[in-house]
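Keep the sequence and the structure side by side.

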Amino acid sequence: AFLWLLLLDAYCPFWGLLRPGVSFILLASLVWILFQPRSPSPAADWALTLAGPLYLGWVAGHFILLRNMEQGLSWLILALPTTWITDSGAYFVGLAWGRHKLWPRYSPKKTWEGAIGGLVSGVIGGVLIAWLLPDLRLVDGLVVGTLIPLLTPFGDFAISMMKRQAGVKDSSRIIPGHGGFLDRLDTLLFAVVIVYYYAVWVTS
């Protein structure tokens, strides 16, 4: 309910559902956890129950906000393929030449070589995509293509941190062999926020 409330507010903010909806969910969930006698850490369970939909719903709402902007489709087209190109470049360069671990505490397979490959791929991809979109400038593609490879890996690391905390290998069983459905979105969730606020603050 919390997740869908956040997405609905992003789509229809004029309905004014966010404040009363969040207030009800916060209080109702707090009352609910009080009646869970078997929970060894009810306060932590309550916080984690809210953190998941807050992260996913609030951040994913930026897909809707970005699409609803003027030139929003172009911005979305820039954000998504640039992220996929970045991820692919990092993966293949890391697979071929990766030697130096980037952050083994959270992701033992990621390397500095892969990160550099992702950065180069992201910049080239972002500029090329912006060049194909008449609504955007090449500098937009350059900036977005630089920011995405620099910042979206933290989305990947964050999900890895959560999985390690939970003691699981995959975030779900929906896509076997790919770490779970959330692993397909971890970098996109960061990317859409980056592109949205770049579009709002810099180009508006």
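Val193 touches Val59 and His62, leaving out residues up to four places away in sequence. Contact here means heavy atoms within 4.5 Å. Val193 lies in helix 8, residues 186–201. Helices (H or I, at least four residues) and strands (E, at least two) are DSSP runs, numbered from the N terminus. Val193 is partly exposed, with a relative accessible area of 24%. The scale is simple: buried is under 20% relative accessible area, exposed is over 50%, and partly exposed is in between, with a 1.4 Å probe and protein chains only. The C-alpha atoms of Val193 and His100 are separated by 29 Å, and these two residues are 93 residues apart along the chain.

This is a predicted model, in which local features need pLDDT of at least 70 and side-chain atom pairs count only at pLDDT 80 or more, while totals for chains, interfaces and linings use all residues. Residues are numbered from 1 along each chain as its sequence is written, and side-chain values use heavy atoms, with hydrogens and water left out.

Now turn to helix 6, residues 138–151, which holds Leu147. Asp140 is found in helix 6 too. Is Asp140 buried or exposed? At 2% relative accessibility, Asp140 counts as buried. Its contacts, neighbours within four places in sequence aside, are Trp75, Leu78, Tyr198 and Thr203. Leu147 is partly exposed, with a relative accessible area of 28%. With neighbours within four places in sequence set aside, Leu147 is in contact with Thr152 and Ile194. Val200 is 53 residues from Leu147 along the chain, and their C-alpha atoms are separated by 15 Å.

Step back to the whole protein. It has eight helices and two strands. From the N terminus on, the elements run α-α-α-α-β-β-α-α-α-α. The C-alpha atoms fill a box of roughly 55 × 45 × 25 Å, taken along the principal axes. Buried residues make up 38% of the 204 residues. Of the contacts with a separation of 6 or more, 63% come from residues 24 or more positions apart.

Helix packing comes next. Two packed helices are described by the angle between their axes and the distance between the axes. Axes are lines fitted to C-alpha atoms, for helices over the stretch in contact, and angles run from 0 to 180 degrees between N-to-C directions.

Start with helix 1 (residues 2–11) and helix 3 (residues 42–67). Their axes come within 8 Å and cross at roughly 20°. Helix 1 and helix 3 are therefore roughly parallel to each other. The cut-offs are these: angles under 35 degrees count as roughly parallel, over 145 as roughly antiparallel, 65 to 115 as roughly perpendicular and the rest as oblique. The crossing of helix 1 and helix 3 is right-handed. Handedness follows the near helix: turned anticlockwise from the far one by less than a right angle, the crossing is left-handed, and if clockwise, right-handed. Helix 1 contributes Phe2, Leu3, Leu6, Leu7, Ala10 and Tyr11 to the contact, and the helix 3 side includes Leu50, Pro53, Gly57 and Trp58. By class, this contact of helix 1 with helix 3 has 14 nonpolar, two polar and no charged residues. Ala, Val, Leu, Ile, Met, Phe, Trp, Tyr, Cys and Pro count as nonpolar, Asp, Glu, Lys and Arg as charged, and the others, Gly among them, as polar.

Helix 2 (residues 18–34) also packs on helix 3. The axes of helix 2 and helix 3 come within 9 Å and cross at roughly 150°. Helix 2 and helix 3 are therefore roughly antiparallel to each other. This crossing is right-handed. Leu18, Ile25, Leu26, Ser29, Leu30 and Ile33 of helix 2 meet Pro42, Asp45, Trp46, Leu50 and Trp58 of helix 3. A pair of aromatic rings is described by the distance of the centres and the angle of the planes. Rings of Phe, Tyr and Trp (its six-membered ring) pair if their centres lie within 6.5 Å; planes under 30 degrees apart count as stacked, over 60 as edge-to-face and the rest as tilted. By this rule the protein has nine aromatic pairs. Phe14 and Trp15 form an edge-to-face pair, 6.2 Å centre to centre with 90° between the planes. Phe14 is exposed, with a relative accessible area of 64%. Tyr196 and Tyr197 also pair edge-to-face, at 4.8 Å centre to centre and 80° between the planes. Tyr196 counts as buried at 15% relative accessibility, whereas Tyr197 is partly exposed at 27%. Trp103, Tyr106, Phe154 and Phe157 form one aromatic cluster.
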